[in-house]
Every structure is written in C-alpha cells, then in structure tokens.
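Thanks for making the time this morning. Let me put the sequence and the model on the screen, and then I will walk you through it.

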Amino acid sequence: MHRRHQAVLPDWLALYYDEPLELTHGEGRHVWDAEGRRYLDFFGGILTTMTAHALPEVTKAVAEQAGRLIHSSTLYLDRPMIELAERIAALSGIPDARVFFTTSGTEANDTALLLATTYRRSSQLLAMRNSYHGRSFSTIGITGNKGWSPTGLSPLQTLYVHGGVRTRGPYAHLSDADFTAACVADLEDLLGHSRAPAALIAEPIQGVGGFTSPPDGLYAAFREVLQRHGVLWISDEVQTGWGRTGDHFWGWQAHAQSGPPDMLTFAKGIGNGMSVGGVVARADIMNCLDANSISTFGGSPVTMAAGLANLGYLLEHDLQGNARRVGGLLLERLRAIGERVPFVREVRGRGLMAAIEVDRPERAAAVLEAARAGGLLVGKGGGHSTAVLRIAPPMTVTVAEAEEGAALLETALHSV
Ligand code: PMP
C-alpha cells in the first residue's frame, strides 16, 4: 500500500510513521490497523472524529438519510441543513447570525475572507504568526507557518501580528499582562502604518502550530483596538469549537469580555468525520455579496444529518464537561510526566487539547513512533520545528482511557 501511495499520490501528502498505518475500523476511542492491531486513538484523525468512532447515533442518521436522499443541492429546501443552521446560529453567540455550510475548514475560511474583503472593500488581512488556516490559494496567504504555506503568492496582502505563541518570540519573557500589553501596542503600531485591513483572523488556540495560545483576554484587548479602526474579527474555531477546550464552548470565549467575533468558522469535528464546514456571520456581513454563491456539496443532507446527530449527542451527554474533567486530569498527568523527562520543553493545553513540546523534531518523531509501538496514536505539530506532540482524544474519552494513554506516553517518552 505504501509503495502504491507513493506511486500515485503527491509527495507533499505526508504520512505518519516509518511504516505507515492503514486503519481499517474503529469503535469508541479505539482503531484497528490492517494487521489487526488495536490502538488507543488520541488524535481522532486530526481532531475530526470528535465524539467517538462508529458512534451508533451518527452511523444511523447517516445510513437513514443515505437511504432516503443523498443529494438535492442548495436549489431546494434542505431540512437537515436548516435545522443544523438554526442550532449553530443559536450556539454561536453572534447576534442575528447567518450560517453558510461548506465541505472543509479551508473553504469556510475562504468564505470568511471573501465576506470580510467585500464588506470592508480591502484586500489587506491581519493574521497571527504561526497560524494555520487551510490549503487553498487564499488561506495559505494567511497561514503564518512556512511549513504549510508553499507559495508567497497571494490574492491578499497579509500582515502578521504577535501574540499567538506565549512562550516564544520577543515578548515571551514578559508577564501575562505585559505580554498582552506589548502585543496590543504592536497591533496599534501596525494599524497606524497600514491601509485599512479587512479583518484579523485568529485561532484561539493554534492547532497545527502546536496548541499554542496567548493569555486569556488577549483577543478581547485586540478587539477594542480593531473596533476603533473598523476592522472585523474572525475566530477560526476549526479545532477549538464545540466544547473541546472544556472551559468554553468556543475558543473565543476565553476572550469574551468584548463580546463575540464578527464571524466564526468551523469544520473538522462537527460531522464526526463527515465533511462539514461552515462560517457563521452577522447578517449584514453574510449578506454583503451582490452575486450568487453556492457550494455544491456544502450542506448536503447526509453530512447535515451526521452533524445534527453528532451535535445532539455532544450536548445531551455534556461532552464539554467531559473535556473539562478528563482533559484536566490528562493534562495534570502529562505535566507530572513531563517534569521527569529532561528533553520536554513544555506541557500545555486546555481541555482535550494537550501538547508536549520537546527539544527537537527528531525527538518528537521518535516519541510518535514509540507511542504507536505501544498502542497509542497521537499527532505532531509546531511552528518552526514540528517538535510538538499533539494529544486530542475523542471527547467521550473516559478517565481510565486517559490514564492508559498517559501511561503509554510516559513509556514512549522514557524509551526515547
Ligand atoms: N483552520 C484550522 C485551525 C485548521 O486546523 C484546519 C485544518 N487543519 C483548517 C482551518 C483547514 O481545514 P480543512 O483541512 O478541513 O480544509
């Protein structure tokens, strides 16, 4: 399979592991490979199997909808799409919200960029250093992580702002309050030197960048400055949405003092593996386009049925509460483990987004391999050096599984 993959797929479609894995099935928080080995899955296909593998409620909803009608298009009334839009609009915190469904996070962010630049009549964007927002021509132009931005050509003029990474860069040595003040002063200065940007786009916790975040409240402080200049705020919630951070339903709520963002984008987990993405915006922003626009597959009945079943399960079972409780415990265990491993630089995170930053990328790769050998799947990430292990189990993870995963990671770290 590996040879066939290499022969027919792009070189830049990187695979994990020296001997890449083929996963054949999953159940709950476990997956099995083609040789029948079982793994505890603490990455969920990059935070996308958000709830559980083979969650019966989602499987049933998908099968039933597929048996009735797989596709109708946005030319006709789509009941599951309207129902999911109503639920997401109400949950978003954005007043008079409109929802547009896409098939990916990239397309969701691309839509947010189209809306912001049209609404503001500006092609200038503010984004965070070390950010990741997607793979399209527009979104790589706002991705401040050169490992994921294969060209410098862009339809946008992007200025990168300080603040997304607390423990690196020129302000890392400052206290939280001084760090925030320095980033705000930098933003003020930048705005004084730039044309009127359309928006600032930011991940509340940077995903691909290695689960890094600023002190709580930074984006609220930014918001005040942005509002004075008429600049919109887009929160990219592709990894941080739906309660994964435990303390909040949306990542932006760690910066809630000055209210919700003008737009938020989502994808990954809401479909529990089905391709659902979207953007939520205030009506005046969403409706600013004066030409038609559709996404042929965005909001298709099967994916919307999955989203509805998954969101219903998530809310009924208080998975945000589970993320807070089990995620808190997992982080505590990982911090204690990290203290005893000399090459661990930092253990950080929130809810079920935990990261272990090590001293260099080869070490992170070795721990990833060792964890796999022990029966645990985790992810990698990080800006300059990809030296971060990302740990993000499905949100139904139990205390016993969190303990088991932490023990497997401890063994992997020590073996390296
Ligand atoms: N935004 C963020 C924060 C992401 O993590 C990702 C995916 N890693 C995207 C956008 C792009 O989503 P997709 O891969 O579904 O296009």
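How many bridges join β9 to β10, and in which sense do they run? Four bridges join them, and β9 and β10 run antiparallel. Before I go further, please keep in mind that this is a predicted model, in which local features need pLDDT of at least 70 and side-chain atom pairs count only at pLDDT 80 or more, while totals for chains, interfaces and linings use all residues. Residues are numbered from 1 along each chain as its sequence is written, and side-chain values use heavy atoms, with hydrogens and water left out.

Helices (H or I, at least four residues) and strands (E, at least two) are DSSP runs, numbered from the N terminus, and two strands pair if DSSP finds at least two bridges between them.

Which strands does β8 pair with? Strand β7, residues 199-202, pairs with β8 in the parallel sense over four bridges, and L200 stands opposite W233 there. Strand β9, residues 263-266, is joined to β8 by three bridges and also runs parallel to β8, with T265 as the bridge partner of D236. Together, β7, helix α7 (residues 218-228) and β8 make a right-handed β-α-β unit, where right-handed means that, with the strands pointing away from the viewer, the path from the first strand over the helix to the second runs clockwise.

H255 sits in the loop between β8 and β9 and counts as buried, at 2% relative accessibility. A polar atom of the H255 side chain lies 3.2 Å from the backbone nitrogen of L218, which falls under our polar contacts: a pair of N or O atoms within 3.5 Å, where within protein one must be able to donate a hydrogen and the other to accept it, and residues adjacent in sequence count only if both atoms are side-chain atoms. Leaving out residues up to four places away in sequence, H255 touches several others, among them P214, Y219 and W233, where contact means heavy atoms within 4.5 Å.

T102 is placed in strand β4, residues 97-102, and is buried at 0% relative accessibility. Its side chain has a polar atom 2.9 Å from the backbone oxygen of S104, and the side chain of T102 also reaches the backbone nitrogen of G278 at 3.4 Å.

Finally, the chain as a whole is divided into domain 1 (2-55 + 319-415) and domain 2 (59-316), with bounds that come from an automatic or database domain assignment. The C-alpha centres of the two domains lie 24 Å apart, and 35 residues of domain 1 are in contact with 32 residues of domain 2. Between them the domains bury about 3,000 Å², 52% of it on carbon and sulfur atoms, buried area being the accessible area (1.4 Å probe) that two parts lose on being put together, summed over both. M50, R350 and M353 supply 26% of the area that domain 1 buries against domain 2, more than any other three residues.

The side chain of T51 makes a polar contact with the side chain of N310, at 2.4 Å, and the C-alpha atoms of T51 and L311, 260 residues apart along the chain, are separated by 9.2 Å.

Key. Buried < 20%, exposed > 50% of the residue type's maximum accessible area, 1.4 Å probe, protein only.
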